[in-house]
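Here is a friendly walk through one structure, written to be read with the model open beside you. Take a look at it before reading on.

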Amino acid sequence: MKKKQWYETFFENYAEHYERESFTKGTMGECDFIEQELRFDKTLKILDIGCGTGRHAIELTKRGYSVTGIDLSEAQLAKAREKAKSQGLSIDFQQYDARDLPFVNEFDVALMLCEGGFPLMETDEMNFDILQNVTKALKNKGIFIFTTLNGLFALFHSVENFFDTTTTDEGNATYSNNTFNLMTFRDHNTTAFVDDAGNKKTLECNERYYVPSEITWLLKSLGYVEIDIYGARLGAFSRNDKLTTEDFEMLVIAEKNQPT
């Protein structure tokens, strides 16, 4: 039997606690930005990759958009469906691995926010598989908006110190023993958390950090144009925020433009 990866174990019973994490508090502002990028065009069909408990999908649906949410975790999806139902919303939440999506030229917009799969995978090839599958799912001229970890931050700062100062709220997962590998640009850490059943758990985790030139090259190789990268501030995405070494995450906006 295949061993579960850390992200599979982490999210298998963490839906309630996930919604209390500090990084989930920017939903409204992030959806404001998305609407502006889409020019408030509610005819656009949106795919939310790594939708988790559905916070962006639900908010955008409430604003009149058609959203399909996909996630690897059935527990996260169950919470998303529960929330949507309680608000009288009909949203298509489906369980899929972002490395193997069935969609072909179906969506006008793809969202992948707050590390929604990418860059959690255990190899660079698997992370690239996600980008390929998102690209396949998008129509030509489709817009891809995502956030990912900023490698420039990790070069200039201690990732462990960052987590020490940003995950202090009660109930948040905590991260320790961080070791950033300069050859792979992966941060290895020990994550401690309490699952929804009250069980205390620790996992050995690692995530891939990217520098802007890598993201640009990867997207260009997949046929994207007009690739823009900015600093990603929680709940306050803006094209006015030039990416710096102070930004823990980067915001990427790209348009697919492949020959038809």
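## About the model

This is a predicted model, in which local features need pLDDT of at least 70 and side-chain atom pairs count only at pLDDT 80 or more, while totals for chains, interfaces and linings use all residues. Residues are numbered from 1 along each chain as its sequence is written, and side-chain values use heavy atoms, with hydrogens and water left out.

Start with the open sheet whose 7 strands follow the order 3-2-1-4-5-10-9, with mixed pairing. Strand 3 (92-95) and strand 9 (224-231) are the edge strands, each with a single partner strand, so one side of each has no neighbour in the sheet. From one strand to the next, the twist averages 15°. Here strands (E, at least two residues) and helices (H or I, at least four residues) are DSSP runs numbered from the N terminus, and two strands pair if DSSP finds at least two bridges between them.

Strand 2 (residues 66-71) runs parallel to strand 3, joined by 4 bridges. In this part of the sheet, Ile70 sits opposite Gln94 of strand 3.

## A helix on the sheet

Helix 6 (residues 124-137) packs on this sheet and touches strands 1, 4, 5, 9 and 10; contact means heavy atoms within 4.5 Å. The direction of helix 6 makes about 150° with that of strand 5 (138-149). Such angles run from 0 to 180 degrees between N-to-C directions, with axes fitted to C-alpha atoms, for helices over the stretch in contact.

Another open sheet has 3 strands in the order 6-7-8, paired antiparallel. Its edges are strand 6 (174-181) and strand 8 (200-208), each with a single partner strand, so one side of each is left without a neighbour in the sheet. Strand 7 (residues 186-194) and strand 8 are joined by 9 bridges, and Val194 stands opposite Lys200 in strand 8.

## The second largest pocket

Which residues lie nearest the centre of the second largest pocket? They are Glu37, Arg39, Ile143, Arg239 and Glu255, among 13 lining residues. A pocket is an open set of points on a 1 Å grid over the protein atoms alone where a 1.4 Å probe fits, with protein on both sides within 12 Å along at least five of seven lines; lining residues have an atom within 4 Å of a point.

Strand 10 gives the most to this lining, with 3 residues.
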